[in-house]
Amino acid sequence: MRSSPLVTVFGSLHYDIAVMGPSRPRKGETVTGTSWHPKSGGKGGNQAVSAARTGVATSMVGAVADDDFGRFLLANLERKSVDHTFVRRDASQSTGMSVAIFDDEGDYGAVIVSGSNLTLGDQDVVAARELLDRTTILVLQNEIPDAANIAAAKVVKLAGGHVLINAAPARALSNELQQLIDIIVVNAVEAETLAGVPVVETLNGALEAARALAQTFPEVVVTAGGAGVAYANGAGGEIVIEGLKIKVESTHGAGDEFIGAFASELAVGTAMRDALVRANEAAAKLVATKEIDRD
């Protein structure tokens, strides 16, 4: 029973190592970096922190190992007011981690090692059943097994909540999971994978992709980087929001910031257009902040 808005993020937690350099290395090339620092990451963890930042009650369901990386991630969730009661300590795997290499223009490339994130499944859904029954918006991603997403989504839908999936990284979604999704959020690359047609990263391209995906999903949001965001639904409704003009410091985490802010706005009943505008503003603010200055 839901007595107040609650965002629950069921997903990934990664210990990130961010490396700064003049450029990203090409195959066989060694580049001399300028600095590096650790940070809390994983799409799930980032999205939970973003949602909690808005003041909406936010919980995280995930898995870390009982190691230094896991303790670092749990401390960050605690500091950012994310309930981590149902982040399981897993002894069979190391905590998920990633290495991201940034260039002078703020763009990056990354490699993730999923580790304990791949152990998420039925046991976590059973443990968090009472939480999922109270959830207003469940946020999922593609950094954990499809079966885990299905199990969590079934519980939330049965209890009357809504399911939002950020279908990233790009991969095909099972028919069973598709049937449980209320809102899907993707970028141009992910939209192309799901729609099966080329997608140009422009507002027009995003809107065309949203229209195509709205034939499968009830509500669709396609982000187009600095160009903005497009929305379409199965009833023919459409919204286009232009990007904000900012100085880009780092694009890392922009999509996750958008998702968290968007989910929290939906949880409190904000109208779709306003929710998209506010999520777009939150992402722009993050992108305009240097990686090293982000708390």
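Analyst: A term before we start: two strands count as paired if DSSP finds at least two bridges between them. Also, this is a predicted model.

User: OK, hairpins then. In the hairpin of E11 and E12, which residue takes a positive phi?

Analyst: Gly225, with phi near 60°. That hairpin has 4 residues between its strands.

User: How many bridges pair strand E11 with E12?

Analyst: There are 5, in the antiparallel sense. E11 covers residues 219-223. Val222 of the pair stands opposite Ala230 in E12.

User: And how many bridges join E12 to E13?

Analyst: Again antiparallel, with 5 bridges. E13 is residues 238-242. Tyr231 faces Ile239 in E13. These two strands also form a hairpin, with 4 residues between them. Gly236 sits in its turn and has a positive phi of about 95°.

User: Which residues point which way from E12?

Analyst: Gly228, Ala230 and Ala232 point one way. Val229, Tyr231 and Asn233 point the other way. All of them are buried. In a regular strand, side chains alternate between the two faces of the sheet.

User: New topic. What is the strand order in the open sheet of 4 strands?

Analyst: The order is E3-E2-E6-E7, with mixed pairing. E3 (35-41) and E7 (108-113) are the edge strands. Each has a single partner, so one side of each has no neighbour in the sheet.

User: By how much are neighbouring strands of this sheet turned against each other?

Analyst: By 20° on average, ignoring direction.

User: How do E6 and E7 pair?

Analyst: They run antiparallel, over 6 bridges. E6 is residues 97-102. Phe102 stands opposite Tyr108 in E7.

User: Which strands of the sheet does helix H2 touch?

Analyst: H2 (residues 68-79) packs on the sheet and touches E2 (14-20), E3 and E6. The direction of H2 makes about 65° with that of E3.

User: On to H1. How many of its residues are buried?

Analyst: 10 of its 11 residues are, so H1 is largely enclosed by the rest of the structure. Among the buried ones are Lys43, Gly44, Asn46, Val49 and Ala52. After H1 comes Gly55, whose phi is positive, near 95°.

User: How do H1 and H9 cross?

Analyst: The axes of H1 (residues 43-53) and H9 (residues 254-267) come within 7 Å and cross at roughly 45°. The two helices are therefore oblique to each other. Their crossing is right-handed.

User: Which residues make that contact?

Analyst: From H1: Lys43, Asn46, Gln47, Ser50, Ala51 and Arg53. From H9: Asp256, Glu257, Ile259, Gly260, Ala261 and Ser264. By class, that gives 3 nonpolar, 5 polar and 4 charged residues.

User: Now H7 and H8. At what angle do their axes cross?

Analyst: At roughly 35°, coming within 10 Å. H7 is residues 188-195 and H8 is residues 203-213. Their crossing is left-handed.

User: Which residues touch there, and what classes are they?

Analyst: Ala191, Leu194 and Ala195 of H7 meet Ala209, Ala212 and Leu213 of H8. The contact has 6 nonpolar residues, no polar and no charged ones.

Technical notes. Residues are numbered from 1 along each chain as its sequence is written. This is a predicted model: local features need pLDDT of at least 70, side-chain atom pairs count only at pLDDT 80 or more; totals for chains, interfaces and linings use all residues. Side-chain values use heavy atoms; hydrogens and water are left out. Axes are lines fitted to C-alpha atoms, for helices over the stretch in contact, and angles run from 0 to 180 degrees between N-to-C directions. Angles under 35 degrees count as roughly parallel, over 145 as roughly antiparallel, 65 to 115 as roughly perpendicular and the rest as oblique. A crossing is left-handed if the near helix is turned anticlockwise from the far one by less than a right angle, and right-handed if clockwise. Contact means heavy atoms within 4.5 Å. Ala, Val, Leu, Ile, Met, Phe, Trp, Tyr, Cys and Pro count as nonpolar, Asp, Glu, Lys and Arg as charged, and the others, Gly among them, as polar. Buried means under 20% relative accessible area, exposed over 50%, partly exposed in between (1.4 Å probe, protein chains only).
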